[in-house]
Amino acid sequence: MEKSLTADQTIAQPKQKQAAKPVDRPFLAMLGMLIGGFVGMLSETSLNIALPSLITELHTSIGTMQWLVTGYMLVIGIVLPMSSLLQRIFTTRSLVLFALCDFIVGAVISALAPNFAILLVGRMIQGIATGLILPLMFTVATLIFPPYKLGSAMGMIGLVIMFAPAVGPTLAGMILGILSWHWIFWLFVPFLLIAFVLAVKFLPNVGDITKPKIDWLSLILSTIGFGGLVTGVSLASDSGWTSPEVLGTLIVSLLVLAWYIRRQLVSETPILNFRVFKKSQFTVGSVLVMLDFAIILSSMYLLPMFWQNGLAIPVALTGVVMLPGGLVNAIVSAVAGRFSDTVSTKLLTTLGFGITIIGIVMLLLASSTSPMWYVILAHIVIMMGVPMAMSPAQTFGLGALDEQTSGDGSTIMNTFQQIVGAIATAIATSLLAFGQNAAGQVSHQIAFTNGVHVGLWFTLIVAAVAFLLSFTIKDRKRA
């Protein structure tokens, strides 16, 4: 019976389109990158819960301390646009192994940092690694998995991208309850070493090395444009959005980006092929991914501080109360990826963003005296919604591209995802401070809660826009 079934499956298999670069064990080939990507995304939010302690210990303001988050994303935003070019110059294995070694170096520097400046340097070195690994995960997955399994592959990647930022504050809170913030970075090292060994053993070279001529002007424009954009929104937290340096930086960055994009569109060998945006399916999927990431980063920036400063919960307990949401996020991320192969993409994304809106509204109704279970429940609802929409949106967008453009598409999607995430974090920081100041002569807990509410209004608007946009998805006809 089993032999007969296997034979039938073997006969039926060729009817379905196979992978562009088939490998024997695609999951094992991805595992080292997935672990490295998980640590990279974990690093984005793991320090959020430690920010109040770091502000006191390192004698800095919340606007300055925010650079530990946005500075990390600044480097990612600079490196990501170059990754598509680097994949044509260096082998897949060499890029991944370099990135993992780089991350280990950055983690050790951060763990040993005696002051804010050294800590920021270590964080930015880590950003180089994350900027390399993120697009490689997508590119390799689209090449080694057949189209009919791409949803499941994106589910694995979605688990990394969504679960890691969600569980970051939990792990960091538990560490801070026992040890110092330095151990957050020491925790990264063993996982990165395991990822390195797995990549050495199982990761094949799947990219095509073409050694294209390097357009140095485009590289400079990319660095100034993307880097300046993140820098401008980060400066706004301390200087204000209408200050000359912020407005000047943003205007120059946008003009340079426009020049850069125009140059890529007319180039025969662009660093990034922005022509992929001519495919409406890719455009819609990419925008949904960006908005989803803005929701997760802005909410995960505000919520840990709300627990500590709004509800007066100790830092160690903060990590514990955020654990249920992180676990729900992991489960939904894995399940949503598998369902996106068989269930309507429109249904999953609209349902996901709808659930997210309910969770954000619940947090908006929370006060400094709200019971602990209520805020935990609101967090769980948000952590159900955002991963439910993420994997289907990624699969939908990247499914519009072929083998030649999949690398550009994944790089563009990840680049703008990180840029939007940095902008969302900066906006949430500014609104948090504005809401605190506008609260008037009230207790610190009430003022901080008011600031969190103002920041969450931004998150709610982003979720509402994503919810409406998800209705424009056109599901593929299924065999």
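**Entry 1: isoleucine 55.** I began with isoleucine 55, which lies in helix α3, residues 51-58. Helices here (H or I, at least four residues) are DSSP runs, numbered from the N terminus. Isoleucine 55 counts as partly exposed because its relative accessibility is 21%. For that term I used buried for under 20% relative accessible area, exposed for over 50%, and partly exposed in between (1.4 Å probe, protein chains only). I also checked phenylalanine 116, 61 residues away along the chain: its C-alpha atom is 9.5 Å from that of isoleucine 55.

**Entry 2: ground rules.** I noted that this is a predicted model, where local features need pLDDT of at least 70 and side-chain atom pairs count only at pLDDT 80 or more, while totals for chains, interfaces and linings use all residues. Residues are numbered from 1 along each chain as its sequence is written, and side-chain values use heavy atoms, with hydrogens and water left out.

**Entry 3: the salt bridge.** I looked for salt bridges (a side-chain nitrogen of Lys or Arg within 4 Å of a carboxyl oxygen of Asp or Glu) and found 1 in the structure. Arginine 263 pairs with aspartate 215, their closest N and O atoms being 2.9 Å apart. Arginine 263 sits in helix α11 (244-266) and aspartate 215 in the loop between α9 (182-202) and α10 (216-239), so the bridge ties together parts 48 residues apart in sequence. Arginine 263 is partly exposed at 28% relative accessible area, whereas aspartate 215 counts as buried at 19%.

**Entry 4: cavities.** Which residues line the largest cavity? I listed Leu85, Arg88, Pro212, Lys213, Asp215, Thr269, Pro270 and Ile271. A cavity is a set of points on a 1 Å grid over the protein atoms alone where a 1.4 Å probe fits but cannot get out, and lining residues have an atom within 4 Å of a point. The lining divides into 4 nonpolar, 1 polar and 3 charged residues. The volume of this largest cavity is about 40 Å³, and the structure holds 2 cavities of 30 Å³ or more.

**Entry 5: alanine 312.** I found alanine 312 in the loop between α12 (280-310) and α13 (315-321). Alanine 312 is not a glycine, yet has a positive phi of about 60°. Most residues other than glycine have a negative phi. Alanine 312 is partly exposed, because its relative accessibility is 44%.

**Entry 6: methionine 372.** Last, I looked up methionine 372, in helix α16 (residues 372-398). At 34% relative accessibility, methionine 372 counts as partly exposed.

Key. Helices (H or I, at least four residues) and strands (E, at least two) are DSSP runs, numbered from the N terminus. On a 1 Å grid over the protein atoms alone, a cavity is a set of points where a 1.4 Å probe fits but cannot get out, and a pocket is an open set with protein on both sides within 12 Å along at least five of seven lines; lining residues have an atom within 4 Å of a point. Grid points are joined across faces, edges and corners, and a volume is the space filled by probe spheres set on the points. Ala, Val, Leu, Ile, Met, Phe, Trp, Tyr, Cys and Pro count as nonpolar, Asp, Glu, Lys and Arg as charged, and the others, Gly among them, as polar.
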